[in-house]
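Subject: model to look at

Hi,

Here is the structure I promised to pass on. Have a look at it first, and then read my notes below.

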Amino acid sequence: VISVGEMSFQLPKQEYRLMEQLMLHHTMYLSSESLLVKAWGYDAETDLSSVWLYISYLRKRLSAMNSGVEIVSKRNIGYKLEFRS
């Protein structure tokens, strides 16, 4: 569950795993490949497009909640959480 004020969302398993990795490593960029391995595992039968799709889901949820947190990306580097004040 992610919460902001009185609003909260129960995250599906993969969204939760992605968000967990982004939160654990919030000071650094994580590559799509790294997120794929950390959230799905080494033997996952999926590809990078799944990471991109689930990142978009998380971005929409964070935006809908006016959370003050966003997932930023740097081309060819990866994703990280950024906290707005």
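A word on burial before anything else: buried means under 20% relative accessible area, exposed means over 50%, and partly exposed is what lies in between, with a 1.4 Å probe and protein chains only. This is a predicted model, in which local features need pLDDT of at least 70 and side-chain atom pairs count only at pLDDT 80 or more, while totals for chains, interfaces and linings use all residues. Residues are numbered from 1 along each chain as its sequence is written, and side-chain values use heavy atoms, with hydrogens and water left out.

Helices (H or I, at least four residues) and strands (E, at least two) are DSSP runs, numbered from the N terminus. Contact means heavy atoms within 4.5 Å.

Let me start with Phe83, which sits in strand β4. Phe83 counts as exposed because its relative accessibility is 51%. Leaving aside residues up to four places away in sequence, Phe83 touches His26, Gly68 and Val69. Val69 is 14 residues from Phe83 along the chain, yet their C-alpha atoms are separated by 4.6 Å.

Now the helices. For the geometry, axes are lines fitted to C-alpha atoms, for helices over the stretch in contact, and angles run from 0 to 180 degrees between N-to-C directions. Angles under 35 degrees count as roughly parallel, over 145 as roughly antiparallel, 65 to 115 as roughly perpendicular and the rest as oblique.

Helix α1 (residues 13–24) packs on helix α2 (residues 32–40) at about 120°, with the axes 9 Å apart. That angle is why α1 is oblique to α2. On the α1 side the contact uses Gln14, Arg17, Leu18, Gln21 and Leu22, and on the α2 side Leu35, Lys38, Ala39 and Trp40. By type, these residues are five nonpolar, two polar and two charged (Ala, Val, Leu, Ile, Met, Phe, Trp, Tyr, Cys and Pro count as nonpolar, Asp, Glu, Lys and Arg as charged, and the others, Gly among them, as polar).

How do α1 and α3 cross? Their axes come within 10 Å, at roughly 80°, which means α1 is roughly perpendicular to α3. Gln14, Glu15, Leu18, Met19 and Leu22 of α1 meet Val51, Tyr54, Ile55, Tyr57, Leu58, Arg61 and Leu62 of α3. That contact divides into nine nonpolar, one polar and two charged residues.

For α2 and α3, the axes come within 9 Å and cross at roughly 85°, so α2 is roughly perpendicular to α3 as well. Here Ser32, Glu33, Leu35, Leu36 and Trp40 of α2 touch Leu48, Ser50, Val51, Trp52, Tyr54 and Ile55 of α3.

Which residues of α2 are buried? They are Ser32, Leu35, Leu36, Ala39 and Trp40. These residues lie on the same side of α2 because they cover an arc of only 105° around the axis, the arc being that of the directions from the helix axis to the C-beta atoms. They pack against α1, α3 (48–64) and β4 (78–83).

Last, some backbone angles. Most residues other than glycine have a negative phi. Asn66, in the loop between α3 and β3 (69–74), has a positive phi near 50°. Asn76, in the loop between β3 and β4, has a positive phi of about 65°. Asn66 counts as exposed at 67% relative accessibility, and Asn76 counts as exposed at 79%.

Cheers
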